[in-house]
Amino acid sequence: MTRPLRIALVAGEASGDILGSGLMQALKARHPDAEFIGVGGPLMEAEGLASYFPMERLAVMGLVEVLGRLPELLSRRKRLIATLIDARPDVFIGIDAPDFNLGVELKLRRAGIRTVHYVSPSVWAWRQKRVLKIREGCDLMLTLFPFEAQFYEAHQVPVRFVGHPLADTIPLEADRAAARAAIGVPDGAALVALMPGSRGGEVGRLGSLFLDAAERMRSMRPGLHFVLPCASPARRQQLEQMLAGRNLPLTLLDGRSHQALAACDAVLIASGTATLEALLYKRPMVVAYKVAPMTYRILKRLVKSPYVSLPNLLAQRLLVPELLQDAATPEALAQTLVPLLDGGDVQTEGFDRIHRTLRLDASKEAAGAVLDLIGSR
């Protein structure tokens, strides 16, 4: 009698836990007796993962914090590799967390264990030589976006584009009226969502800029309302201080960014993953970003991509305006966004096409690709 499939997975943060739990559900649908080992969070554990240690031990942000925890991370990785080589899983799936997982994949593949990496690091944008390490350590790369798959194909890395889970969960057409009712915004008002980022540094650089732009938009379009979702209590406090003395009809929300996107007519948004959510909600947007001047000069030399925002990378053309660094002034942001309140059809039609391209049932596609790899032994 053959033993059940033994599948090892390692996720390093909450987003990976979500992806991992969806993948495990899809794998169990085809192999109900599969065994799951590795490292994951509460969602993966609820699906049956026996986690060797708490996922939080891998979730480290910031260079100083990583340096402080480096001995522990290296020790955990060494022990994990030895444990997995001894366990001989049918496949190892590293979910995002490339700085940790790519090293694990390399060692396991050399030991004769099939390896999959789920969610591509941004090798197509910068540090492109990492693709050589990926090619050596990875039997299969699973990407969320088609342009990533094209990059790996060009570099002879086996790859499968599986779609994006958010495209599966966000409806093709959101209920704007219901979202407005939920956040208490008048149904007939023109509404702009302001999304200056989730981190303190981002909000520090972009918060006042976005509020200044909102005041200019209001002077151009009297009656305009604004909504701003706050990623945390600390971000809300930071934004409340920036709002002091301003007379803006603005609703602050605790989280609820998806409701803000569903409710609004257009978005002024920081470059980042939130731009994908705005795209999936089909809301016209202007993307802005600022970093420290020295950081910007370094990034300009390192980044190989012609665009910074996901909508443009997915469209492979300039679909949404990108106002970066010195170009991101309150006047320019207002002048670029206000026309989109009535004339954003080119953007939204492009967004709809992209949404349908990404809507593949990502977990099911990823599970099929993993099982195809195992079956090819």
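This is a predicted model: local features need pLDDT of at least 70, side-chain atom pairs count only at pLDDT 80 or more; totals for chains, interfaces and linings use all residues.
Arg 77 lies over the face of Phe 100, 5.9 Å from the ring centre; a charge counts as sitting over a ring if NZ of Lys or CZ of Arg is within 6 Å of the ring centre and within 35 degrees of the ring normal. Residues are numbered from 1 along each chain as its sequence is written, and side-chain values use heavy atoms, with hydrogens and water left out.

Next, the ring pairs. Rings of Phe, Tyr and Trp (its six-membered ring) pair if their centres lie within 6.5 Å, with planes under 30 degrees apart called stacked, over 60 edge-to-face and the rest tilted. By this rule there are two aromatic pairs. Phe 145 and Phe 147 make a stacked one, 5.7 Å centre to centre with 5° between the planes. Phe 145 is buried at 7% relative accessibility, and Phe 147 is buried at 9% (buried means under 20% relative accessible area, exposed over 50%, partly exposed in between, with a 1.4 Å probe and protein chains only). Phe 151 and Tyr 152 have ring centres 5.6 Å apart and planes at 85°, so this pair is edge-to-face. Both Phe 151 and Tyr 152 are buried.

Then there are the salt bridges, 17 in count, each a side-chain nitrogen of Lys or Arg within 4 Å of a carboxyl oxygen of Asp or Glu. One of them joins Arg 176 to Asp 265 (3.3 Å, N to O). Arg 176 is in helix 8 (residues 176-183) and Asp 265 in the loop between helix 11 (257-263) and strand 11 (266-270), so the bridge ties together parts 89 residues apart in sequence. Helices (H or I, at least four residues) and strands (E, at least two) are DSSP runs, numbered from the N terminus. Arg 176 is partly exposed at 31%, as is Asp 265 at 21%. Arg 176, Arg 180 and Asp 265 are linked in a network of salt bridges.

Glu 331 lies in helix 15 (residues 330-337) and Arg 216 in helix 9, so parts 115 residues apart in sequence are tied together.
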